[in-house]
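Please consider the sequence and the model shown here.

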Amino acid sequence: MRTKVNAFTLTEMVIVMIISVIVMSLAFTVLSMVKRHMLSIQNNFSLNTEFNRLEQALWIDASQHNTIDYDPLNGTLTFRAQLDSTIYDFRDNRYILKDKDTFKIELGKKTFFFNADEVDKGNVDAFKLELPKPFKNQSLFIFKKNDAKQFID
């Protein structure tokens with residue numbers, strides 16, 4: 001007497017394997033999309049953090065120093081006070097150097113002002129730094145109030 005063993009046929013096994021492969025490929029596709037999305041979020045966060053750090057440093061230096069000078073030949077923005085000075089170097093558009101600190105920000109247009117007029121060099125009391133288009137055209141505007149010494153020199 002023969003007893004029948006309960007088992008899956010070869011066709012049923014192949015169908016299960018095909019369905020499993022389809023489900024796994026969908027899972028890997030979704031995983032790669034999520035990974036790319038997380039990477040772009042991380043890059044945006046990193047850029048915004050650097051941008052905020054630069055803005056904070058510029059506001060602090062503008063409020064603590066008496067004069068601000070821009071030298072287009074050297075690409076430097078110098079904040080001066082009686083006891084110290086701080087120099088921002090804009091020569092390379094991929095980053096900004098401040099003494100021993102580096103801000104990894106690519107700058108677009110730089111506009112400098114003195115007494116509400118746009119200037120190319122010399123004394124500055126306000127400036128606007130803009131990021132290029134791929135970075136959502138963010139910009140920051142830094143200014144300081146002039147004291148009488150600014151108009152005497």
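The points below are grouped by topic.

This is a predicted model, in which local features need pLDDT of at least 70 and side-chain atom pairs count only at pLDDT 80 or more, while totals for chains, interfaces and linings use all residues. Residues are numbered from 1 along each chain as its sequence is written, and side-chain values use heavy atoms, leaving out hydrogens and water.

**Confidence**
- Among the elements of the chain, H1 has the highest mean pLDDT (93) and H2 the lowest (61); helices (H or I, at least four residues) and strands (E, at least two) are DSSP runs numbered from the N terminus.
- Where pLDDT is low, the predicted coordinates should not be read in detail.

**Helix H1**
- H1 has 55 residues and spans 80 Å from its first C-alpha to its last, close to the 81 Å expected at 1.5 Å a residue; the expected span is 1.5 Å times one less than the number of residues.
- Its buried residues (under 20% relative accessible area, with exposed over 50% and partly exposed in between; 1.4 Å probe, protein chains only) are Leu47, Glu50, Phe51, Leu54, Ala57, Leu58, Asp61 and Ala62.

**Sheet**
- Four strands form an open sheet in the order E7-E6-E9-E10, with antiparallel pairing; two strands pair if DSSP finds at least two bridges between them.
- Strand E7 (117–119) and strand E10 (139–143) are the edge strands, each pairing on one side only.
- Strand E9 (residues 126–130) runs antiparallel to E10 and is joined to it by five bridges; Leu129 has Leu140 in E10 as its bridge partner.
- Helix H1 (residues 10–64) packs on the sheet, touching E9 and E10 (contact: heavy atoms within 4.5 Å), and its direction makes about 10° with that of E10. Axes are lines fitted to C-alpha atoms, for helices over the stretch in contact, and angles run from 0 to 180 degrees between N-to-C directions.

- Leu77 touches residues including Ile68, Tyr88, Phe112 and Phe127, not counting residues up to four places away in sequence.

**Loop residue Asn146**
- Asn146 lies in the loop between E10 and helix H2 (148–152) and is partly exposed, at 24% relative accessible area.
- Asn146 and Thr67 are 79 residues apart in sequence, and their C-alpha atoms are 8.4 Å apart in space.

Technical notes. pLDDT is the predictor's confidence in each residue, from 0 to 100.
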